[in-house]
Each structure stands twice: as C-alpha cells, then as structure tokens.
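Subject: Structure handover

Hello,

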Amino acid sequence: MRTPPRFDRGHTDDLMSFLAASPSPYHAVANAAERLEKAGFRQVAETDAWDGTTGGKYVLRGGAIVAWYVPEGAEPHTPFRIVGAHTDSPNLRVKPRPDNGGHGWRQVAVEVYGGPLLNSWLDRDLGLAGRLSLRDGSTRLVNVDRALLRVPQLAIHLDRSVTAEGLKLDKQRHLQPVWGLGDDVRDGDLIRFLEEEAGIAEGETIGWDLMVHSIEPPAYLGRDKDLVAGPRMDNLLSVHAGTAALAAVATSEEALPYIPVLAAFDHEENGSQSDTGADGPLLGGVLERSVFSRGGSYEDRARAFAGTVCLSSDTGHAVHPNYAERHDPTHHPRAGKGPILKVNVNNRYATDGSGRAVFATACDKAGVPFQTFVSNNSMPCGTTIGPITAARHGIKTVDIGVAILSMHSARELCGADDPFLLANALVAFLEG
C-alpha cells in the first residue's frame, strides 16, 4: 500500500493564507476553485449538458462548491467518497438599507448571522467583503481588507454594572458599527463606496451580500509556535483541507476505487436550508448527473449511493483548560493530537460504529492519530451537515473535524499541526 501524499507545516502556512484571502463564502469557493484549477480541474455549468469524460470537474453556486474527480475505468455505479464541509461562519451582515447613523456618527446597519460570540466583535478593526450583483446579471467579489468599521464598546464609566453582572448586548442596538463622522447620512453611500473600491460604475449594483470581518491576519502563537490563531476556522479549515486532499488524489498515480468528491456548502450556521446548503438539492443533483453522464441508469445511481461514504468535516471543541468541567469527563480532545471523531447517540452527529471503522482505517493508513469527542450529558450538543447529508441522500456519513477553542469567535484557536494531520487523513479516505 502506497504512503499517501504527506502534508506538513507548509499546509498550515497555506491554510493561513487561505483564511486571510477568504473573508466571505464567495471568496472561499473562488479560492478553492483556483487551487483545483491548478490541479487540472475545470468548471462545468449547471445549465450545460455534461459529458462522462474522466478528470476533475467542479460546480460553483453562490457560496458553495462541489468538485469531483472521475478516474480512468470508473463505472456508472462506482461509489463516491465525499468530504463535506461548510463555507460560512457566524458574523455580522449588512442589511438591505445599510446607511444609518446618528449623533454625529455614520454607521452601517448590520444583522447577526448565525450564532457568533458577540463580544468578540467589539473594538476590532473590521473590513467589509462579499459580492455585488450587477444590472447585467453578473456578480463581482469585493473585499475592503483594511480598517473600515468598528463596533465600539461602551466605556465602563457609563455602565458600572458590567463588572458585577457581565456584559449584556442587544443585537439591534449595540452591534451597529461606525465608519465615519457626520450627520448627512444618505441612502446609497455605502454601495457607492464599494462600487468605487471594486471599479464598478456608479449605480450598476442592484443587490449585495456583504459581511464584516476582522482584518487581523492569522498568526502562529505561543512560545513554540505550536498554535494558530485566526478567523473563520469554523469551517474554512475543513474546506481548505478537503480541497488540498482532493487535489492530491487527483494528481497522484494511485488507482482509485471510488470517485473522490469535495462538497463545501453555505448556510450551515443557520440550518442549511437553501439552494446552496447541505439540506438543498445541490450535492444529490451533482452526484446523479455524474452517474447519468457516464451512461448510468437509476439502478446504477442506487448502487453508487449505496456504496458511498461521506466524511462531514467540521471543527469541534478541544477541552478548555479554564472550563474543563463543561466537557465529558472521559473524552477530552486535545489540540495538537490529531483530528476528532464526533459521536452523539441522539444523531446530532451521524457517526456510528461502522463509520468509526472507516475513519479509523483511513487514519491508520495515513499514520495519523485521532481522538473521540462526546458532549457532556448535561450540555446540549451542536450539530453539523452530517445528519442532514445522511438523511437527505441515504449515504453513510461520519462526523469528524479538528478540535479548536473559541468556536464562533471572530478569532479562533487550534493546534498548528492538526490542519495537516486532518488533510493527510482525508487523502487516505479519498483513496479508499
């Protein structure tokens, strides 16, 4: 058995670049597509007829990407090996009428997306990024990656109760960022500014999907630089690892018994129910069209799905040194000790015993250690795209990821070696 391609700290360096260059789901999928293009993949349009040729292909839809590699000799009923992830992160997103302000301050009206740690967005220098929809039907990415906005915290002198009672934030009143001075707030100011930044003629933008981001770049942390701090690790860490793993198996000489797939969805943080979310038809449509374009029948589709396995890769909780009692006493995933296998008997995660065997086999092949995560019985358990993928498509799904601290903060923390350990395990899984 051939040793799979081995990622090292160079992978972590590249992850940091990927995080910095991907302030929105739209930027994340564009950057993933660019990496896949370098590995020989080509984009296919959903509106075109697909052929059954071998090689790497991908579909972009909004903030989601599905990419797959058809090896030589693949049959219509050849099963898939899927790495699933999501591109979105909790943050503050711009409202349809963004221009706001008062008392001499110009502000941007924002809405809370997902479940962020609200206090982590206070008193940070923030940029603004996303996509602009133009009159001609096209879209344009925009990224103002400099100190543009700030959500100012109230001085302690004006709220002494914060010391005894803790910080209490109202999502509507207390999270609106400032971006200038003046009383002359005019509708259209923000979008005109972004059009100028993106080189778009004034008045051409008729729609937008915009969000704020911390401009502080990812960085190694600690005496031995054995930690990485950065934004959007939940869950661009998995998107990056899945992209690297798919590119690696597509460019290796390994004979592949499966068709390797990367499926990175949007809107996981608010339920996955969209045309680009895991609870939508995107993945199933792509897999079915791949079967049918290779001359397959419904019977071939059923056979392929029956043999398919998906690793739902999302970040999980490392044991917190200051709150160890919040974790299960016998399951303490540690940063730097390899990826985690997520288990929940109430099916908040999709892992079962046979799924554990699949992941354990991949880790053993890759020479990667892994850990198990189970929630404290007294604490509610989060969920992922795993149960959704399993139920919607009827395919075996296993929940895994990397253990981090500060999940849903504007800036999260992981072990510096864990990203490349995950990527190595994903390569072994995709190779079969």
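The largest pocket holds about 1200 Å³ of space. Please keep in mind throughout that the model is predicted.

Pockets

A total of 42 residues line the largest pocket, and those nearest its centre are His317, Pro380, Ser406, Met407 and His408. Three elements each contribute at least two residues to this lining: strand S15 (316-317), helix H9 (385-393) and strand S19 (403-405). By residue class, the lining of the largest pocket consists of 14 nonpolar, 20 polar and eight charged residues.

The second largest pocket has a volume of about 470 Å³. Its lining is made up of 21 residues, with Pro152, Gln153, Leu154, Arg173 and His174 nearest the centre. Strand S5 (91-102) and strand S6 (105-113) are the elements that give two or more residues to the lining of the second largest pocket.

Pro23

Pro23 belongs to the loop that runs between helix H1 (9-20) and helix H2 (25-38). Is Pro23 buried or exposed? Pro23 counts as buried because its relative accessibility is 3%, and the cut-off for buried is under 20%. Apart from neighbours within four places in sequence, the residues in contact with Pro23 are Ala129, Asn143, Met211, His213 and Arg232. As for Lys396, which is 373 residues away along the chain, its C-alpha atom is 32 Å from that of Pro23.

Aromatic rings

The count of aromatic pairs comes to five. One of them is the pair of Phe41 and Tyr69, which is tilted, with 6.3 Å from centre to centre and 50 degrees between the planes. This pair links distant parts of the chain, 28 residues apart: Phe41 is in the loop between H2 and strand S1 (42-43), while Tyr69 is in strand S3 (residues 64-70). Phe41 is buried, at a relative accessible area of 2%.

Trp179 and Phe193 also form a pair, edge-to-face, at 5.6 Å centre to centre and 65 degrees between the planes. Because Trp179 lies in strand S9 (residues 178-181) and Phe193 in helix H4 (residues 189-198), the pair ties together parts that are 14 residues apart in sequence. Phe193 is buried too, with a relative accessible area of 18%.

Charges over rings

Two arginines are listed here. The charged end of Arg81 sits over the ring of Tyr258, at 4.3 Å from the ring centre. For Arg301, the charged end sits over the ring of Phe305, and the distance to the centre is 3.9 Å.

Regards

Terms used: Residues numbered from 1 in each chain as written. Predicted model: local features only at pLDDT ≥ 70, side-chain atom pairs only at ≥ 80, totals over all residues. Heavy atoms only, no water. 1 Å grid on protein atoms, 1.4 Å probe; cavity = no way out; pocket = protein on both sides within 12 Å on 5 of 7 lines; lining within 4 Å. Points joined across faces, edges and corners; volume = space filled by probe spheres on them. Helix = DSSP H or I, 4+ residues; strand = E, 2+ residues; numbered from the N terminus. Nonpolar A, V, L, I, M, F, W, Y, C, P; charged D, E, K, R; others polar. Buried < 20%, exposed > 50% of the residue type's maximum accessible area, 1.4 Å probe, protein only. Contact = heavy atoms within 4.5 Å. Phe/Tyr/Trp six-rings, centres within 6.5 Å; stacked < 30°, edge-to-face > 60°. Lys NZ or Arg CZ within 6 Å of the ring centre and 35° of its normal.
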